Amino acid sequence: MPKALTVTLNTGGSGYGISFWEQVYTCATQAFYDMEVKEGSRPGPKSSDSDDTMIGTIYHAFQEIYHWGGVEMRGFDTTTVELRQTAARPWDGPAVIRETAETLFRSYRAKYSPSHMGTVKKVEEPYELPLKKRPWWAPDGMPLTARMDLEVTTTKASCARLGRDHLMVEVGNYIVDFKTAKTRWLNMAWAYAWRIQFAFYMMLWQWMNKNKKLKGLIVAAAFKKTNTHEFFLVRPPTMDTQKAVAEVLHTAWEKYRADPIEANPFHCMAWGRPCLWGKEGVCKRHSGVFND
Ligand code: SF4
């Protein structure tokens with residue numbers, strides 16, 4: 001008889017993670033509002049892409065069970081997993097969100113075993129950098145956290161399997177990050193290769209695991225439109241990339257200390273899309289690009 005599964009969804013990120021600080025770097029007001037949403041003290045913007053975010057969160061929860069639940073849990077019935085928003089509150093979102101996440105996960109499971117990328121060492125491991133005796137790239141006093149989806153040690157067999165997925169990996173330690181996207185886009189590999197989030201994860205992991213060597217980070221991307229999957233390899237950051245990450249962290253920390261909710265009106269129409277906090281009239285700190 002399979003065990004009944006209850007999962008509390010991780011909707012709040014790791015707290016003071018790299019995403020929060022990247023947001024402070026761009027617009028601290030936006031980071032402040034988003035943090036309030038994560039803490040549950042403010043509803044999210046009405047027209048946000050929260051459905052896509054929630055599909056990704058539920059997909060991550062299924063991957064966590066799959067990779068950490070043990071052999072007897074591998075075939076778990078996704079439809080019977082009890083999802084909870086918090087320990088005390090069931091998740092009551094639209095059925096279509098859950099069904100999309102289930103379909104996406106089942107298409108992964110149909111093709112890949114939990115050891116496809118190697119021996120699983122840790123799942124959803126939280127990291128927090130100590131406030132003292134820090135690496136050179138972390139400003140003193142700045143809270144810095146991360147939560148790694150998966151940590152694996154590749155084997156000769158998993159290297160051969162990943163080779164057939166066109167990934168040139170060696171036997172050793174890798175971080176795995178699960179990503180969901182609507183569809184595969186052209187420059188995805190380049191975008192992942194230069195992503196500050198991944199460089200930061202690798203810098204943090206290596207500093208916290210000084211007696212081990214990290215070989216890289218594998219992005220396991222899932223595409224909702226086609227229910228297909230693709231793996232990408234990101235190499236450990238060069239010194240130049242580490243300096244770029246340090247620059248973002250130091251600048252964000254200086255800005256935060258000067259004004260933790262400093263507005264940046266240059267960011268209100270980033271990528272040609274309006275910031276929803278301004279568009280919906282919550283933020284009055286922009287420079288008039290919206291009709292209040
Ligand atoms: S509207 Fe502009 S200033 Fe306000 S939170 Fe959004 S990006 Fe920041």
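Predicted model: local features only at pLDDT ≥ 70, side-chain atom pairs only at ≥ 80, totals over all residues.

User: Which residues come nearest to the ligand, and which elements give two or more residues to its shell?

Analyst: There are 14 residues around the ligand, and those that come nearest are C27, C268, C275, G278 and C283. Two or more residues of the shell are given by each of these elements: helix 2 (28-39) and helix 9 (276-279).

User: In what order do the strands of the open sheet lie, and which are the edge strands?

Analyst: The open sheet is formed by 5 strands with mixed pairing, in the order 4-5-6-7-8. Neighbouring strands are turned by 30 degrees against each other on average, direction ignored. An edge strand pairs on one side only, and this holds for strand 4 (119-128) and strand 8.

User: How many bridges join strand 6 to strand 7?

Analyst: In general, strands of a sheet pair through backbone hydrogen bonds, either parallel or antiparallel. Strand 6 (residues 173-181) and strand 7 (residues 214-223) run parallel. Within this pair, Y174 stands opposite G216 of strand 7. The number of bridges joining the two strands is 9.

User: At what angle to strand 7 does helix 7 run?

Analyst: Helix 7 comprises residues 196-208 and lies across strands 4, 5, 6, 7 and 8. Its direction relative to strand 7 is about 140 degrees.

User: Why do the buried residues of helix 5 line one face of the helix, and which strand do they pack against?

Analyst: In helix 5 (residues 156-164), the residues S158, R161 and L162 are buried. Seen down the helix axis, the buried residues fall within an arc of 95 degrees, so they line one face. On the other side, K156, A160, G163 and R164 are exposed. The buried residues pack against strand 8 (228-234).

User: Which residue just after helix 5 takes a positive phi?

Analyst: The phi angle in question is about 70 degrees. The residue that takes this value just after helix 5 is H166.

User: Does E99 count as buried, exposed or partly exposed?

Analyst: E99 is found in helix 4 (residues 95-111). A residue is buried with 20 or more C-beta neighbours within 10 Å and exposed with 12 or fewer. E99 has 14 such neighbours, so it counts as partly exposed.

Conventions:
Residues numbered from 1 in each chain as written. Helix = DSSP H or I, 4+ residues; strand = E, 2+ residues; numbered from the N terminus. Arc of directions from axis to C-beta. Contact = placed C-beta atoms within 7 Å. Pairing = 2+ DSSP bridges. Axes fitted to C-alpha atoms, helices over the stretch in contact; angles between N-to-C directions. Near = placed C-beta within 6 Å.
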